[in-house]
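Here are my notes on this model, point by point. Please keep the structure open while reading.

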Amino acid sequence: MIQVDLSMLIAQNAGLMDRGSGPAPESRRSDLPWVVVPVLWVLLLLAGCQASGLGDGLTASGGNVAPLANSTYGAGQVTVTVLLPTDPELRRQAADIADGAKLAVDDLGGGQIMLDIHTSTSTSGQSVEAVRTAAGSGSKLIVGPATNSEVSRVIAGASLPRPPILALVANNSSGGKDIWPLYGDAIDSALEGVSVAIAAEQKNIVVVHEADFPPENLLRLREGIRLNGGNTVGFVAYPSSGTNLRRSFAAQAQTFSKANAIVLLGGGQAIGQVIDILASGEFGASITTAIATSLLPEEMYKRPSAQGLMLAIPSTSDVGVIADRFKAKYGRDPSYDAAIGYDSVAIAAGLVRTGGPDAITTANLTSAQGFRAATGLFRFRPDGRIERRMIVHRIENGSLKTIREEGEGF
């Protein structure tokens, strides 16, 4: 297998400083400085950059951006096919992804990469034919499509053999062979928090979730808790409307009493009330750790009941590695979506640079060592998911203070 450190490639191709190496922060970290206010909260969020819902896939903020057209970029012999949406609400993100990918060709392509960009609405089903065409023309990698429905169509309509696919969707097991998402999701953020809680001996976990939270994601969370060495003592649903929250929690008082940690899933209109009630200690006197997710709105950082909360976010510092060149080329700062586009091509460029034009394979993409690039440290798992490392913070006076760094490897 080929291990590719993309930060090194960026440094070699763009004259930037490598971040260096050394032992992962976990190997030298001391006990976390827990803060009780009055209940210890360990909140896992994905926030920052310019994209709302960082890590949860493309969001609707297209505005008046013109739709992209089919095009090519670069003159290399290794083709990366990019499938982007023209839906009005997704045009801004699509433009950012395309521009990030083009910048990666400039920075890292070494004259070997060509982008073949195909565009269509997310309901057209045209991605299936685009994937078939890419397979027939010798494309080495496909980036996209950008919606779960299009991914499902590709799985059903574009049979193997075909190039590996890095879909522009949030993390899930789509069931398709050689397909991985590029964005993380709320369950990823929760499980990062779970690992911190379990390391602190908070192993009995109750999951508090909106009543309509997808059952398959709850099962995935429970399995992740088990794999981390924890025990799910129960699931407590609450109405997303926020009505009768105390009644919902009181009905599960016995479940709360078994737990010393909470995973809090949800980010709707009720989330502030949920935090206030649970932080008061009214339910679950034994609970000392709470874990929320990327669904939690960033404005919660300022909430009085949130001070002292701990949270983990994906590294965004590496986005700065591309910021100056992106702004010089396109006249705007790069968003997280732009960094996703950059990384999708950086992966291809790194593998080709290291192993030649045929190095973009399932085995190399799922290398246990993973990749480091503009969106931080990540790896593609054999089960069809992406695993992203995060930085753990604590909220102090509405700001984030780093507690544990992302680390240098898996």
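1. The axes of helix 3 (residues 126-137) and helix 4 (residues 148-157) come within 8 Å and cross at roughly 50°. Bear in mind that this is a predicted model. Angles under 35 degrees would count as roughly parallel, and 65 to 115 as roughly perpendicular. Helix 3 and helix 4 are therefore oblique to each other. Their crossing is right-handed.

2. Which residues make this contact? Helix 3 contributes Gln126, Ser127, Val128, Val131 and Arg132. Helix 4 contributes Glu150, Arg153, Val154 and Gly157. By class, the contact of helix 3 with helix 4 has three nonpolar, three polar and three charged residues.

3. Now the second pair. Helix 5 (residues 186-199) packs with helix 6 (residues 215-227) at an angle of about 25°. The axes of helix 5 and helix 6 are 10 Å apart. The cut-off for roughly parallel is under 35 degrees, so helix 5 and helix 6 are roughly parallel to each other. Helix 5 passes helix 6 in a right-handed crossing.

4. What does each helix bring to this contact? From helix 5 come Ile187, Asp188, Ala190, Leu191, Val194 and Ile198. They meet Asn217, Arg220, Leu221, Gly224 and Ile225 in helix 6. Sorted by class, the contact of helix 5 with helix 6 has seven nonpolar, two polar and two charged residues.

5. Ser335 lies in the loop between helix 10 (320-330) and helix 11 (336-355). Is Ser335 buried or exposed? Its relative accessible area is 4%. Buried means under 20%, so Ser335 is buried.

6. The side chain of Ser335 has two partners to check. One is Asp96: a polar contact of 2.7 Å joins the two side chains. The other is the backbone nitrogen of Asp337, which the side chain of Ser335 reaches at 3.3 Å.

7. Ala69 is also a loop residue, between helix 1 (6-14) and strand 2 (71-73). Why does Ala69 count as exposed? Exposed means over 50% relative accessible area, and Ala69 counts as exposed because its relative accessibility is 54%.

8. Ala69 still has contacts. Not counting residues up to four places away in sequence, Ala69 touches Ile117 and Thr119. Ala69 and Ile117 are 48 residues apart along the chain. The C-alpha atoms of Ala69 and Ile117 are separated by 7.9 Å.

Methods. Residues numbered from 1 in each chain as written. Predicted model: local features only at pLDDT ≥ 70, side-chain atom pairs only at ≥ 80, totals over all residues. Heavy atoms only, no water. Helix = DSSP H or I, 4+ residues; strand = E, 2+ residues; numbered from the N terminus. Buried < 20%, exposed > 50% of the residue type's maximum accessible area, 1.4 Å probe, protein only. Contact = heavy atoms within 4.5 Å. Polar contact = N/O pair within 3.5 Å; in protein donor to acceptor, adjacent residues only side chain to side chain. Axes fitted to C-alpha atoms, helices over the stretch in contact; angles between N-to-C directions. Parallel < 35°, antiparallel > 145°, perpendicular 65-115°, else oblique. Left-handed = near helix turned anticlockwise from the far one by under 90°. Nonpolar A, V, L, I, M, F, W, Y, C, P; charged D, E, K, R; others polar.
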